[in-house]
Amino acid sequence: MCSLNISLFSTPPSSTSFLKKRCVSLTSGSRRGLSIKAMATDASPLTVLVTGAGGRTGQIVYKKLKERPEKFTARGLVRTDESKNKVGGADDVFVGDIRNIESISQAFQGIDALIILTSAVPKMKPGFDPSKGGRPEFYFEDGSYPEQVDWIGQKNQIDTAREGGVKQIVLVGSMGGTDVNHPLNSIGNGNILVWKRKADQYLADSGIPYTIIRAGGLQDKEGGVRELLIGKDDELLKTETRTIARADVAEVCIQALQYEEAKERAFDLASKPEGEGTPTADFRSLFSQVTTRF
C-alpha cells in the first residue's frame, strides 16, 4: 500500500513582561525590523507525516524532508516492519494499516501537514511467458483492492488528520481519472482511477487546505533536471509529455507545503524530456499556473 496545528511563537509561563518588551520593540522605529526578524527565528519546523513512506516515491519524500531539518520534522507511516527497515527503521517511522483508523492514530498525533502517497498495488498473475506474446494479467490481493486502499484508506487518513487539526494535506493521485474507460481501471477489475478520484473529491470537500497532484507515468530517474508541466483534466495525456520522475513529484509535494499558491488547488503534473526547456526552480511561479480547484 505504498506509492498546521502549530504555535509559531512559544510564550514562557511568566510572559507578561516578555510580551510588553516585545510590543515595545515592535513599535520602536529603528528597532522594528530587528524585532520582526527575531520573531521569525522562533518559528518551529513543520511536522510532516508521509504515508506510503516505504514506496519508491514515499521513500524519496521522507528522505528529502529529513535533509531539511530547519524546515521540517519528518515522520513516516508504512504497512510492515519490513518496509520500516527499508527506510532506515527510525523511531519516527510508524507501522500501521490505513484501512484501520486505530492502527494509524499514533502516527497522526501532533502533525502539521500530511503527504498521502498510499496506493493499491496490483500483482502479476503467475505463469506469464513474454516469449509467447500476449499481455500479463494482474490481480489485487483480498483486502487490498483500490476501493479499500485508495478510497477507504485515504478517507481514513483525511478524517484522522482533520480530527487532529492538520493544516494542509498533499495528496498524490494519478492522471486519467476523467476517463472511466481508462485501461488502468481494468487492471484486476479494480477501477483504481475511479476510487482515487473519489478520494480526491473527498479531500477537496473536507474543509482542509489541500493540494492534489495528479502525476503522470512515474519514472525512476534523477530529479531537478527537467522543466515541469502543469495541466488539468488529463489534457497532458494527449501530448508526448505525460511522464515525470518520482524525484520531481517528491519535490513538488514538499514545495507545496511552502507556498500559498499551492493551496486549494488540484493539477496534473508531468515534465518535458531532459534537455528540453529549462529545469524548474521557481515553484511559486509553477503553482501560480494552476487555475483549478479540482
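Student: At what angle do helix 5 and helix 6 pack, and how far apart are their axes?

Tutor: Two packed helices are described by the angle between their axes and the distance between the axes. Here helix 5 (residues 101–108) and helix 6 pack at an angle of about 45 degrees, with their axes 10 Å apart. That makes helix 5 oblique to helix 6. This is a predicted model, in which local features need pLDDT of at least 70 and side-chain atom pairs count only at pLDDT 80 or more, while totals for chains, interfaces and linings use all residues. Residues are numbered from 1 along each chain as its sequence is written, and side-chain values use heavy atoms, with hydrogens and water left out.

Student: What do the terms mean?

Tutor: Helices are DSSP runs (H or I, at least four residues), as are strands (E, at least two), numbered from the N terminus. Axes are lines fitted to C-alpha atoms, for helices over the stretch in contact, and angles run from 0 to 180 degrees between N-to-C directions. Angles under 35 degrees count as roughly parallel, over 145 as roughly antiparallel, 65 to 115 as roughly perpendicular and the rest as oblique.

Student: Which residues of helix 5 and helix 6 make the contact?

Tutor: Contact means heavy atoms within 4.5 Å. Ile-101, Ile-104, Ser-105 and Phe-108 of helix 5 make it with Asn-156, Gln-157, Thr-160 and Ala-161 of helix 6. These residues divide into four nonpolar, four polar and no charged. Ala, Val, Leu, Ile, Met, Phe, Trp, Tyr, Cys and Pro count as nonpolar, Asp, Glu, Lys and Arg as charged, and the others, Gly among them, as polar.

Student: At what angle do helix 6 and helix 8 cross?

Tutor: The axes of helix 6 (residues 146–163) and helix 8 (residues 192–204) cross at roughly 15 degrees and come within 8 Å. That makes helix 6 roughly parallel to helix 8. Their contact has eight nonpolar, one polar and seven charged residues.

Student: How are helix 3 and helix 9 placed to each other?

Tutor: Helix 3 (residues 56–66) and helix 9 (residues 246–255) have axes 9 Å apart and pack at an angle of about 50 degrees. They are therefore oblique to each other. In their contact, seven residues are nonpolar, one is polar and four are charged.

Student: Which residues line the largest cavity?

Tutor: Rolling a probe the size of a water molecule over the atoms shows where empty space is left. The lining consists of Arg-214, Gly-231, Lys-232, Asp-233, Ala-266, Phe-267, Asp-268, Thr-292 and Phe-294. On a 1 Å grid over the protein atoms alone, a cavity is a set of points where a 1.4 Å probe fits but cannot get out, and lining residues have an atom within 4 Å of a point. Strand 12 (residues 265–271) gives the most to this lining, with three residues.

Definitions and conventions: On a 1 Å grid over the protein atoms alone, a cavity is a set of points where a 1.4 Å probe fits but cannot get out, and a pocket is an open set with protein on both sides within 12 Å along at least five of seven lines; lining residues have an atom within 4 Å of a point.
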